[in-house]
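Reader: Could you walk me through this one? I'd like to go through it piece by piece.

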Amino acid sequence: LENPRVPVMDTWRGAPLDAKAGREIFIGHFDNPEAHPTGQKLPWSWKIVTGANPAYDAFPAQHQIFYPSEKSPKSLWYEHSTNAQHLTRQITTRFHHRLN
């Protein structure tokens, strides 16, 4: 990837970016005990906003949810939900993946 050139983060909130901090970033604002304490405790981890990427701007409501796996301390579950207006109906898609 040549553009945009984004430097790799090695610190977060003034501390080294380790595995624990990485999980907190993924879990983000989701109402989960493993989220960072300053999170907003919302029903999603991340929400896509318009203007960030034209591929995503076509969908008015997208929720990204990352949460810990109950069976593996190293795994996270990822759920992506999108609502889109088709010509004749509303379409909702959901994807559920385990991240190791």
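Reader: Let's start with Phe66: is it buried or exposed?

Author: This is a predicted model, and in it Phe66 counts as buried, because its relative accessibility is 10% and the cut-off for buried is under 20%.

Reader: And Phe26, what is its relative accessible area?

Author: Phe26 has a relative accessible area of 40% and is therefore partly exposed, since that class lies between the 20% limit for buried and the 50% limit for exposed.

Reader: How many aromatic pairs are there in the count?

Author: The count comes to two aromatic pairs. In the pair formed by Phe26 and Phe66, the ring centres are 4.7 Å apart and the planes stand at 40°, so this pair is tilted. Because Phe26 belongs to helix 1 while Phe66 belongs to strand 4, which covers residues 61-68, the pair ties together parts that are 40 residues apart in sequence.

Reader: Which residues do the ring pairs link into a cluster?

Author: The cluster linked by ring pairs consists of Phe26, Phe66 and Tyr78. Tyr78 also turns up among the contacts of Ile65, which, with neighbours within four places in sequence left aside, include Phe30, Trp44 and Trp77 as well.

Reader: OK, what about the largest nonpolar core, which residues are in it?

Author: Six residues make up the largest nonpolar core, namely Ile27, Phe30, Ala35, Trp44, Ile65 and Leu76. As a general point, nonpolar side chains in soluble globular proteins tend to be buried together.

Reader: Switching to Glu24, where does it lie?

Author: Glu24 is found in helix 1, which spans residues 19-27. With a relative accessible area of 10%, Glu24 is buried, because the cut-off is under 20%.

Reader: Which side chain does Glu24 have a polar contact with, and what is it in contact with once neighbours within four places are left aside?

Author: The side chain of Glu24 makes a polar contact of 2.7 Å with that of Lys20. Leaving aside neighbours within four places in sequence, Glu24 is in contact with Trp12, Glu34, Ala35 and His36, and Ala35 is also one of the residues of the largest nonpolar core.

Reader: Zooming out, how many helices and strands are in the chain?

Author: The chain has two helices and six strands, and read from the N terminus its elements follow the order β-β-α-β-α-β-β-β.

Reader: And how much of the chain counts as buried?

Author: Of its 100 residues, 27% count as buried. The chain exposes about 7,700 Å², with carbon and sulfur atoms supplying 59% of that area.

Terms used:
Residues numbered from 1 in each chain as written. Predicted model: local features only at pLDDT ≥ 70, side-chain atom pairs only at ≥ 80, totals over all residues. Heavy atoms only, no water. Helix = DSSP H or I, 4+ residues; strand = E, 2+ residues; numbered from the N terminus. Buried < 20%, exposed > 50% of the residue type's maximum accessible area, 1.4 Å probe, protein only. Polar contact = N/O pair within 3.5 Å; in protein donor to acceptor, adjacent residues only side chain to side chain. Contact = heavy atoms within 4.5 Å. Areas by Shrake-Rupley, 256 points an atom, 1.4 Å probe, with all protein chains shown as cover. Core = buried A, V, L, I, M, F, W, Y, C linked by side-chain atoms within 4.5 Å. Phe/Tyr/Trp six-rings, centres within 6.5 Å; stacked < 30°, edge-to-face > 60°.
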